[in-house]
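Please examine the sequence and the three-dimensional structure shown below.

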Amino acid sequence: MDLSFTPEQIAFRDEVRAWIREAMPPRIREIAAVDGHFEHDEIMEWHRILAGKGWVAPHWPAEWGGAKLDVTRRFILTEELELAGAPALSPFGLMMVGPLILQFGSDAQRKRFLPKILAGEEVWCQGYSEPNAGSDLASLKLSAEPDGNGNYVLNGQKTWTTYAQYADWIFVLARTDKSAKKQSGISFFLVDMKTPGVTARPTLTIAGTPAFCDTFFENVVVPAENLVGPLHGGWTLAKALLGHERTYIAAVGLSTRTLRRVKQIAAATKERGVPLVDVPAWRARIARMEIELWALRMANYRAIASAELGHAPGAESSILKIRGSEIMQQMYELAMDVMGHDALSWHNTPGTIPEAEASVPPQFNYARAASIYGGSNEIQKNVIAKAILGLPS
């Protein structure tokens, strides 16, 4: 298995870097330089810039706007965007429901939804988790009852609905057969957020952003044509979608950029007059994180090499999800430790710490969710135990 890049792939990396430098608007570049928070409008502006280049959905088929990039070039593009600090695009349309509509949707659904996802004209959110159905997603209670007129009526609640307040559409799992066993009575629907009875209530996170919502459905009428896949067949779609989500959670480029930030802060912070980056104990901690990150990168490369040979991603995506989220969290923990008192000042006296450090505490807080979203790490360990180690469930 060859894990090195070819000259053509290295040339593509150079092309991507040069294009990002040229295409990124000044305001977005300023925020990226300090790893700051991007507002929704800035994210969508970058979405449209990438769409204009043809790189917004490189994993989609060419006939639906994909970039004709192979697996390795897609990885290179993703990594370089992360390394540049570019706004992370909303994954719910591009990475989740878009590929699912491609795989399971009707021709009419593909023609209706895919072009608008690609162009950034319609924004999506995900309706999976409920107050009593998180990692045990099959316990969901949102109901979808036929009304006898070719529609379904939805009643119930979803939670942790990321940025639902900005979304035009939501894809939901709903229970369509209460008498069937948990996984068998679930269906997959596309719901217009403007439909009467849909209410999204934002919740302020510990990171200071309104990232999550509680989303309520009260007698929400959804046409049957918005059912994706077979009736009661939503669990198959749910598992396929989570596979797409977990593949992109390793975030090697993001963690690499965070490690750079740690080194910068350590170089500017002194202990007894000596920069932390030159103190043996701190150097050892930073080196340890760099080793862990390189191990994750090699695991990612192995997955890419396997995909290049035509193998579909399997349980190895759970390994990438676990290690990627753990390393991201450890990286921000190290950054907070290096910052020392400044980390506390962010909360107590905001605006008093260096701009280069200001983004670390809120990102540290938000990163706690990385081991939960996309399927909790505990659940991923069960997947690995069963699918890779062959242990009984």
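## A histidine in helix α3

H47 is located in helix α3. The model described here is a predicted one. Is H47 buried or exposed? Its relative accessibility is 5%, and a residue is called buried when this value is under 20%; H47 therefore counts as buried.

Which residues does H47 touch, once those up to four places away in sequence are set aside? They are V56, L89, L94, I117, L118, A119 and G120.

Helix α1 comprises the 17 residues 7-23.

The buried residues of α1 are Q9, F12, R13, V16, W19 and I20. Seen down the axis of α1, these buried residues fall within an arc of 130°, which means that they line one face of the helix. The buried residues of α1 pack against α3 (40-53) and α4 (71-83). On the other side of α1, P7, R21 and E22 are exposed.

## The neighbours of β4

Strand β1, which covers residues 124-127, pairs with β4 in the parallel sense over 4 bridges. Within this pairing, Q126 has F171 of β4 as its bridge partner.

Strand β5 (residues 186-192) also pairs with β4, here in the antiparallel sense and over 7 bridges. I170 stands opposite V191 of β5, and R175 has I186 of β5 as its bridge partner. Strand β5 is itself mostly covered, with 6 of its 7 residues buried.

The pairing continues from β5 to strand β8 (residues 227-228), in the antiparallel sense and over 2 bridges. There, F189 has L227 of β8 as its bridge partner.

## Residues in loops

G208 lies in the loop between β6 (198-203) and β7 (212-223). Its relative accessibility is 48%, so G208 counts as partly exposed. G208 and Q363 are 155 residues apart along the chain, and their C-alpha atoms are separated by 9.9 Å.

N149 is found in the loop between β2 (143-146) and β3 (151-158). With a relative accessible area of 62%, N149 is exposed. N149 and A88 are 61 residues apart along the chain, and a separation of 41 Å lies between their C-alpha atoms.

## Two positive phi angles

Most residues other than glycine have a negative phi. D35 is not a glycine, yet it has a positive phi of about 55°. D35 is placed in the loop between α2 (26-33) and α3, and it is buried, with a relative accessible area of 13%.

Y163 is another residue other than glycine with a positive phi, near 50°. Y163 lies in the loop between β3 and β4. Is Y163 buried or partly exposed? At 26% relative accessibility, Y163 counts as partly exposed.

## The chain as a whole

The protein chain contains 14 helices and 10 strands. For its 393 residues, a compact globule would have a radius of gyration near 21 Å; the value for the chain is 22 Å, which agrees. Along its principal axes the C-alpha trace spans about 75 × 50 × 50 Å.

Of the 393 residues, 49% count as buried. Among the contacts with a separation of 6 or more, 71% are accounted for by residues 24 or more positions apart. The chain exposes about 18,600 Å², and carbon and sulfur atoms supply 55% of this area.

Conventions. Residues are numbered from 1 along each chain as its sequence is written. This is a predicted model: local features need pLDDT of at least 70, side-chain atom pairs count only at pLDDT 80 or more; totals for chains, interfaces and linings use all residues. Side-chain values use heavy atoms; hydrogens and water are left out. Two strands pair if DSSP finds at least two bridges between them. The expected span of a helix is 1.5 Å times one less than its number of residues. Buried means under 20% relative accessible area, exposed over 50%, partly exposed in between (1.4 Å probe, protein chains only). The arc is that of the directions from the helix axis to the C-beta atoms. Contact means heavy atoms within 4.5 Å. The radius of gyration is taken over C-alpha atoms; the globule rule is 2.2 Å times the number of residues to the power 0.38. Accessible areas come from the Shrake-Rupley method with a 1.4 Å probe; for residues, only the protein chains shown count as cover.
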